Amino acid sequence: MPPTSGFTVSRVLDAGCGLGHFRVPVREIFPRARYVGLETSDYLCRRFGWVQASIAGYAPKEGFDLLFCHDVLQYLDDKSAVRALANLGRLSRGALYFSVLTAEDWRRNADRARTDSGVRLRPAAWYKTRLLRHFRPVGGGLLVRRGFDPLLWELERPWTKGS
Ligand SMILES: C[S@@+](CC[C@H](N)C(=O)[O-])C[C@H]1O[C@@H](n2cnc3c(N)ncnc32)[C@H](O)[C@@H]1O
């Protein structure tokens, strides 16, 4: 399949959006796109008008060109997180920006004074195995749906010395 150069972002889902920090940059970069914030919190949905549903079961009629799922899945139990990862695959028709706190992040990277404890600390491999069923990582937390081949300039792709 040839690289996709004319990728249009018309629908964006921020899964577990919290305060919706991605909303303003999405509006600036993709002014014509519809941003949907998805949340389980009653308070945040009332306050900001987000769609109230769990990532594990949200099933809109149409998919999304760009998904965000940032700092959310460590709050879900194993069964719900498995369903959420499969659902991200179903909801995506383009790219996913994904980040989660892993066991290794907690050991080595997180500032524990500013990071929620009492969450599910899973190994990165647990997420990678499930994400790879639907997505291909292209670096920097960005994954693209399998079968979708966006045009990336040479130095935008993952590279190593000598590659
Ligand atoms: C640490 S906050 C991250 C918020 C946002 N993604 C960010 O990076 O600023 C985690 C959010 O996930 C939401 N959340 C937890 N479980 C969820 C679920 N099953 N579906 C959707 N949102 C969920 C919580 O209500 C909370 O607002």
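**Ligand contacts**

I started with Ile55: one of its polar backbone atoms sits 3.0 Å from a nitrogen atom of the ligand. I count a polar contact as a pair of N or O atoms within 3.5 Å; within protein, one must be able to donate a hydrogen and the other to accept it, and residues adjacent in sequence count only if both atoms are side-chain atoms. The model is predicted, so to speak of local features I need pLDDT of at least 70, and side-chain atom pairs count only at pLDDT 80 or more, while totals for chains, interfaces and linings use all residues. Numbering runs from 1 along each chain as its sequence is written, and side-chain values use heavy atoms, with hydrogens and water left out.

Next I looked up Gly16, where a polar backbone atom is 2.7 Å from a ligand nitrogen. For Glu39, I found a polar side-chain atom 2.5 Å from an oxygen atom of the ligand. On its own the ligand has 600 Å² of accessible area (Shrake-Rupley method, 1.4 Å probe), and the protein covers 80% of that.

**The shell**

I listed 15 residues around the ligand (a heavy atom within 4 Å). Gly16, Glu39, Ser54, Ile55 and His70 come nearest.

**Cysteines**

How many disulfides are there? I get 0, taking a disulfide as a pair of cysteine sulfur atoms within 2.5 Å. The sulfur of Cys17 has its closest cysteine sulfur in Cys45, 7.0 Å away, which is too far for a bond. Cys69 is in no disulfide either, and the nearest cysteine sulfur, that of Cys17, is 11 Å away.
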